[in-house]
Amino acid sequence: MCDDAEFRENNLPKLNENYLCFYRLLFARFLDFSAQKVLYLDVDIIVLGDLREIFAIDLEDKVCGVVLDYKANRLLMPKANPHPPLNLSRGYFNSGLLLIDVQKWRAQEIESQILHSMDSYHFKEHDQSILNYILKDKVKILPLCWNVLVYYFVNAKTKEEGGRFNISYTRNQLNNALKNPKIVHYYLDHKPWKDDKIYVDTKGKFLGKTWWDIAQKTPYFHRRTYAT
């Protein structure tokens, strides 16, 4: 079972006035013990590739497969001593896609580590901060195409281009991901169901239109439309 009290008691920050974003941290409670891998996806994404491909990726000895987030200063500040400030900027990943080895997650007691960490730092980026803290050095970096943030279509600069960069992947990897994204992540405030004319893909098509094109093909969309 999930209960807000587990998060409220540790003064974790709400997202959209609730604690639902933290519930993913407790996913193992609801899976059969025979489960091998689980793929978590945020709700503000569209899948453009074959998800069977990502399940075929070998995570080797890692707990989780992830895609790196845009480069920024990711500093965790302690709530109290004796915890020191922690800089997680290097290797910081986006939690909108998580390919999890359930057996290793359970064997290494990741959920228990998470619950015991909640009162140690100010996790400003909610569950994403906690996961980066607990899973540091326990993740396999996946190709960028598996979690392409819409931000990258309009503002992306790689390290090899010099100056201030915001992408930890190479220009080649970035270009390939933008041309052939397997998952597009509408992670900013401009969601396609609010404004579908914000981001444009490499072919000049509004990414919001892509989202609506796919939404209209789903049974759920047609049921809702019919009911209305």
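The model is predicted. Its largest nonpolar core holds 32 residues, and those that touch the most other members are Ile54, Leu97, Leu144, Trp146, Val150, Tyr152 and Tyr186. Two or more residues of this core come from each of the following elements: strands S2 (45–47), S3 (64–68), S6 (93–101), S9 (148–149) and S10 (183–185), together with helices H6 (171–179) and H7 (207–215). Another core, of 31 residues, lies apart from it; among its members are Cys64, Leu76, Ile110 and Val139.

Val150 illustrates the contacts made in the largest core. When residues up to four places away in sequence are set aside, Val150 touches Val184, His185, Tyr186, Tyr187, Tyr199 and Leu207.

## The four-stranded sheet

An open sheet is built from four strands in the order S1-S6-S3-S8, with mixed pairing. Strand S1 (37–41) and strand S8 (139–141) form the edges, each pairing on one side only. From one strand to the next, the twist averages 30°.

Within this sheet, S3 and S6 run antiparallel and are joined by four bridges. Gly65 is found opposite Leu99 of S6.

Strand S4 covers residues 75–78, and its side chains alternate between two faces.

S4 pairs with strand S5 (residues 86–87) in the antiparallel sense, over two bridges. Here Leu75 has Asn87 of S5 as its bridge partner. S4 also pairs with strand S7 (residues 121–122), again antiparallel and over two bridges. In that pairing, Pro78 stands opposite Tyr121 of S7.

## Packing of helices H4 and H5

Two packed helices are described by the angle between their axes and the distance between the axes. For helix H4 (residues 110–117) and helix H5 (residues 126–134), the angle is about 115° and the axes are 10 Å apart. Their crossing is right-handed.

On the H4 side, the contact is made by Ile110, Gln113, Ile114 and Ser117. H5 contributes Ile130, Leu131, Tyr133 and Ile134 to the contact. Ile110 is also one of the members of the 31-residue core.

## Cysteines

A disulfide is a covalent bond between the sulfur atoms of two cysteines. The count of disulfides in this model is zero. Cys64 takes part in none, and the nearest cysteine sulfur to it, that of Cys145, is 16 Å away.

## The loop between S10 and H7

Lys197 lies in the loop between S10 and H7. Is Lys197 buried or exposed? Its relative accessible area is 55%, so Lys197 is exposed, as the cut-off for that class is over 50%.

Lys197 and Leu207 are separated by 10 residues in sequence, and their C-alpha atoms are 7.5 Å apart in space. Leu207 is one of the residues that Val150 touches.

Terms used:
Residues numbered from 1 in each chain as written. Predicted model: local features only at pLDDT ≥ 70, side-chain atom pairs only at ≥ 80, totals over all residues. Heavy atoms only, no water. Buried < 20%, exposed > 50% of the residue type's maximum accessible area, 1.4 Å probe, protein only. Pairing = 2+ DSSP bridges. Core = buried A, V, L, I, M, F, W, Y, C linked by side-chain atoms within 4.5 Å. Contact = heavy atoms within 4.5 Å. Axes fitted to C-alpha atoms, helices over the stretch in contact; angles between N-to-C directions. Disulfide = S-S within 2.5 Å. Left-handed = near helix turned anticlockwise from the far one by under 90°.
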